[in-house]
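Thanks for coming. I have one chain to go through, and I will take it region by region. Please look at the model first.

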Amino acid sequence: CYLLRIADLIDFDNRRTPLVVYKLFENELKKDKYKKSDEEWKKQLSVTNFNHVKNNREQRICTIVFDANVYSSAVCTSLFEYFNYIEKEIIEIQKVNSNEEKFKFFIIPKVEQHIEQNGFDVKPLIQYVDYLSIANILVGENLYNKKEDALRELLQNAMDAILLMKEIKKEVSYTPTIKISVDEEFLSISDNGIGMTLKDIEQYFLCIGKSFYKSKDYHYNYKPISNYGVGFLSSYLLSNKIIVETTSYQDSNNQINLELNRNDEYVIFSQKHLDVSNHGTTVKLVISDVLKVFGDIKEIISFIGKNF
């Protein structure tokens, strides 16, 4: 029964979901009520290999292998989650001990994945987490008295970015600017500060508990305002979804975009070439989530006025 369970899990590819059949129901599947079904079809359509077991007969070990070609970050994330599920199932099965050699499992739990991501890059957030630093931060007293204080943290981050940019540029023509705007979907905090490179994002912004301003890469006189070091984590107090658009002054034609969701262990990367040189960062929070904390726009304006 264990072998049947694994066989059922890895029977997952585009032979089970022929494209010609999907095309027959494509318009119907685009409806909101069939969103989950559409995602399941696309997941299996993206898997391109049919033999999912790689054997090493000499060592009596086999590996589960999946190849995929993906054009949607949502489908890619869903694939990662499915492969994680397979890995957990294999681990659970291997916990069942058998005295007979012929019944023992020799399957490597880690699924070998070859996923071609087109137009985006989905990476697990877990690789950026410094657990010891998180523990030290989260057990500290009075990190945030109220959820509203997370907005103060975001504005302090923006202020650090523009004041450091002012020191770096040393130009009279540079006007440090922070813009806060609201539309039907988002509350956006934009600055024309230093921005971030991919290295900055991966080594500091996404590494909870680590700060660029306290790193060996920081060699400026400016002393930062923000000091909690929780990065984007504080934004989840205000919004279940966070979008970040950033362009470093060191690479002013390359905009890096991130999408993070509170209940998702993956972060979605994409990049965009800018025809006009620019630098700075925009953080977008879902306005309907923000208003559950603040109540209305006037309350947000009042909070900013009191704190800045």
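Ser 235 sits in the loop that joins helix H7 (198–205) to strand S7 (241–247); helices (H or I, at least four residues) and strands (E, at least two) are DSSP runs, numbered from the N terminus. This is a predicted model, in which local features need pLDDT of at least 70 and side-chain atom pairs count only at pLDDT 80 or more, while totals for chains, interfaces and linings use all residues. Residues are numbered from 1 along each chain as its sequence is written, and side-chain values use heavy atoms, with hydrogens and water left out.

Is Ser 235 buried or exposed? Ser 235 has a relative accessible area of 1%, so it is buried (buried means under 20% relative accessible area, exposed over 50%, partly exposed in between, with a 1.4 Å probe and protein chains only). Not counting residues up to four places away in sequence, Ser 235 touches Leu 154, Ile 242 and Leu 285, where contact means heavy atoms within 4.5 Å. Ser 235 and Leu 154 are 81 residues apart along the chain, and their C-alpha atoms are separated by 7.6 Å.

With 15% relative accessibility, Glu 148 counts as buried. Its contacts, again not counting residues up to four places away in sequence, are Val 293, Phe 294, Glu 299 and Phe 303. The C-alpha atoms of Glu 148 and Ser 234 are separated by 10.0 Å, at 86 residues apart along the chain.

Helix H8 (residues 287–294) packs with helix H9 (residues 297–307) at an angle of about 70°, the axes being 9 Å apart. Axes here are lines fitted to C-alpha atoms, for helices over the stretch in contact, and angles run from 0 to 180 degrees between N-to-C directions. That angle makes H8 roughly perpendicular to H9; angles under 35 degrees count as roughly parallel, over 145 as roughly antiparallel, 65 to 115 as roughly perpendicular and the rest as oblique. H8 contributes Ile 287, Val 290, Leu 291, Val 293 and Phe 294, and H9 contributes Ile 297, Glu 299, Ile 300 and Phe 303. By class, this contact of H8 with H9 has 8 nonpolar, no polar and 1 charged residues. Ala, Val, Leu, Ile, Met, Phe, Trp, Tyr, Cys and Pro count as nonpolar, Asp, Glu, Lys and Arg as charged, and the others, Gly among them, as polar.

The axes of helix H1 (residues 2–10) and helix H4 (residues 73–94) come within 11 Å and cross at roughly 170°. H1 is therefore roughly antiparallel to H4. On the H1 side the residues are Tyr 2, Arg 5, Ile 6 and Leu 9, and they meet Tyr 82, Tyr 85, Ile 86, Glu 89, Ile 90 and Ile 93 in H4. The classes there are 8 nonpolar, no polar and 2 charged.

H4 also packs with H3, at an angle of about 75° and with axes 10 Å apart. That makes H3 roughly perpendicular to H4. Glu 39, Lys 42, Lys 43 and Ser 46 of H3 make this contact with Val 75, Ser 78, Leu 79 and Tyr 82 of H4. The contact of H3 with H4 divides into 3 nonpolar, 2 polar and 3 charged residues.

Which residues of H3 are buried? They are Asp 38, Lys 43, Gln 44, Leu 45 and Ser 46. These buried residues pack against helix H2 (19–29), strand S2 (61–70) and H4. Thr 17, in the loop between H1 and H2, is buried too, at 6% relative accessibility. Leaving aside its neighbours within four places in sequence, Thr 17 is in contact with Trp 41, Gln 44 and Leu 45.

Last, the cores and the chain as a whole. A nonpolar core is a set of buried Ala, Val, Leu, Ile, Met, Phe, Trp, Tyr and Cys residues joined through side-chain atoms within 4.5 Å. The largest has 30 residues, and Leu 151, Leu 258 and Leu 260 have the most contacts inside it. Helix H6 (residues 149–169) gives the most to this core, with 5 residues. Another core, of 26 residues, lies apart from it and includes Phe 12, Phe 80, Ile 90 and Val 111. The chain has 9 helices and 10 strands, and 43% of its 308 residues count as buried.
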